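Please keep the sequence and the model in view while reading.

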Amino acid sequence: MAKSNSASGVARARSCGVVLTLLGLLPIAAAAQTSLTSAHLDQFDAQKTAVVLRNGERLAYIDAGQRDAPPLVLIHGYTDSARDWAPIAPLLTPRFRLIIVDLRGHGLSGKPDCCYTRFDFAYDIKLLLDALHLGTADVAAHSLGSIVAQTFAELWPESTRRLVLISSTGTSFGPAEPAGSPTPTQTPADSWLAAVAELNDPIDPDSAFMRDWWKVSIAYNLEFARRQQRDAAAIPARVWRAIADQCLIGVDLRSMLPRVRASTLLIWGARDTLVSDAGREALRSGIAQVDVRTFSSLGHDLFWEDPRAVATVMIDFLTKQ
């Protein structure tokens with residue numbers, strides 16, 4: 001879920017949690033752009049296949065890495081696709097078998113009329129693992145995908161070895177109102193998704209809305225952003241709205257968090273404007289076994305900003321004894 005500050009109209013998030021400063025790594029722009037050539041993205045996209053799940057949904061995914069390596073499911077954010085993981089996947093494949101999904105409604109997966117709750121998304125992941133004969137896997141996810149991953153771990157704890165939640169929340173996305181502000185007629189989540197309610201098909205990938213929606217990722221890599229923009233525009237407007245209404249606006253995830261039994265790594269960027277302090281605290285206090293890493297100079301899409309740094313902490317967490 002790549003949201004610019006101007007599109008969301010939200011305040012800069014305050015730093016919280018344990019701050020991990022990684023010096024000596026590649027600069028953000030260099031780290032993001034060295035591998036994301038057109039040829040690399042073509043090769044990444046060409047790996048995608050699809051399966052019809054037992055519930056009748058068609059789910060597209062990439063199965064990369066050694067088949068006998070530990071399986072790691074990667075789940076993308078709102079209006080994104082499996083390509084979200086292109087910047088970081090080459091750093092993970094030497095250690096893991098990556099199962100990188102297109103959530104229903106996204107990418108090359110089916111776009112049914114119904115339904116788009118976190119439970120529907122999570123059930124698709126369970127059925128995909130069943131189809132691949134994988135009883136247990138590590139699960140890592142970003143933004144909307146992190147809500148799906150939480151739900152998967154809550155409902156199928158026996159299938160979740162370890163959990164990595166990137167730019168996640170235990171309440172809902174959208175910043176808290178400044179202290180002392182009057183009670184708003186809209187929640188922050190309503191505000192940053194307000195423009196979605198006005199979308200109509202066909203969505204122009206070069207429209208002002210779409211350019212603004214992907215404004216931040218354009219700074220990382222123009223070709224990557226162009227493809228993401230095009231694919232997001234191919235998602236029907238009804239699906240954009242259904243996901244927002246059923247999975248993002250006004251949700252409160254705290255009640256089920258104690259069901260997460262997997263050891264969990266929470267990764268945040270201190271400059272993330274879509275995760276409030278309350279959302280961070282809800283995760284830290286709601287899940288029994290948590291490690292926290294906060295990158296002081298990064299934002300919501302931090303694994304695009306500095307994939308090498310994020311991959312390092314993921315690998316360390318997932319491979320520790």
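Two strands are said to pair if DSSP finds at least two bridges between them. Helices (H or I, at least four residues) and strands (E, at least two) are DSSP runs, numbered from the N terminus. The model is predicted: local features need pLDDT of at least 70, side-chain atom pairs count only at pLDDT 80 or more, and totals for chains, interfaces and linings use all residues. Residues are numbered from 1 along each chain as its sequence is written, and side-chain values use heavy atoms, with hydrogens and water left out.

## Overall fold

The protein has 14 helices and eight strands. The eight strands form an open sheet with mixed pairing, in the order β1-β2-β4-β3-β5-β6-β7-β8. At its edges lie β1 (49–52) and β8 (290–295), each of which pairs on one side only. On average, neighbouring strands of this sheet are turned by 20° against each other, direction ignored; the angles, on a scale from 0 to 180 degrees between N-to-C directions, refer to axes that are lines fitted to C-alpha atoms, for helices over the stretch in contact.

Of the 321 residues in the protein, 57% are buried. Buried means under 20% relative accessible area, exposed over 50%, and partly exposed in between (1.4 Å probe, protein chains only). The accessible surface of the protein comes to about 12,600 Å², and 52% of this belongs to carbon and sulfur atoms; the areas come from the Shrake-Rupley method with a 1.4 Å probe, and for residues only the protein chains shown count as cover. Among contacts in the protein with a separation of 6 or more, 80% are made by residues 24 or more positions apart. Contact here means heavy atoms within 4.5 Å.

Strands of a sheet pair through backbone hydrogen bonds, either parallel or antiparallel.

| Strand pair | Sense | Bridges |
|---|---|---|
| β2 (residues 58–64) and β4 (residues 97–101) | antiparallel | four |
| β3 and β4 | parallel | four |
| β6 (residues 160–166) and β7 | parallel | five |
| β7 and β8 | parallel | six |

In β4, five of its five residues are buried. R97, I99 and V101 lie on one side of β4, and L98 and I100 on the other.

I267 stands opposite I166, while T264 has V290 in β8 as its bridge partner.

Which side chain makes a polar contact with the side chain of D63? The partner is R97, at 2.7 Å. A polar contact is a pair of N or O atoms within 3.5 Å; within protein, one must be able to donate a hydrogen and the other to accept it, and residues adjacent in sequence count only if both atoms are side-chain atoms. D63 lies in strand β2 and counts as buried because its relative accessible area is 17%. Leaving aside neighbours within four places in sequence, D63 is in contact with R97, L98, I99 and L132.

Y78 is found in the loop between β3 (71–75) and α4 (89–92), and its relative accessible area is 0%. The side chain of Y78 reaches the backbone oxygen of W240 at 2.7 Å. Y78 and A244 are 166 residues apart in sequence, yet 8.7 Å apart in space, C-alpha to C-alpha.

## Backbone exceptions

Most residues other than glycine have a negative phi, and most peptide bonds are trans. The peptide bond from C114 to C115 is cis, with omega near 10°, and C115 lies in the loop between β4 and α5 (118–131). The bond from D201 to P202 is also cis, with omega near -10°; P202 lies in the loop between α7 (188–192) and α8 (208–213).

Phi is positive, near 60°, in H133, which lies in the loop between α5 and β5 (137–142). H133 counts as exposed because its relative accessibility is 72%. S143 has a positive phi of about 55° and is placed in the loop between β5 and α6 (144–155). At 0% relative accessibility, S143 counts as buried.
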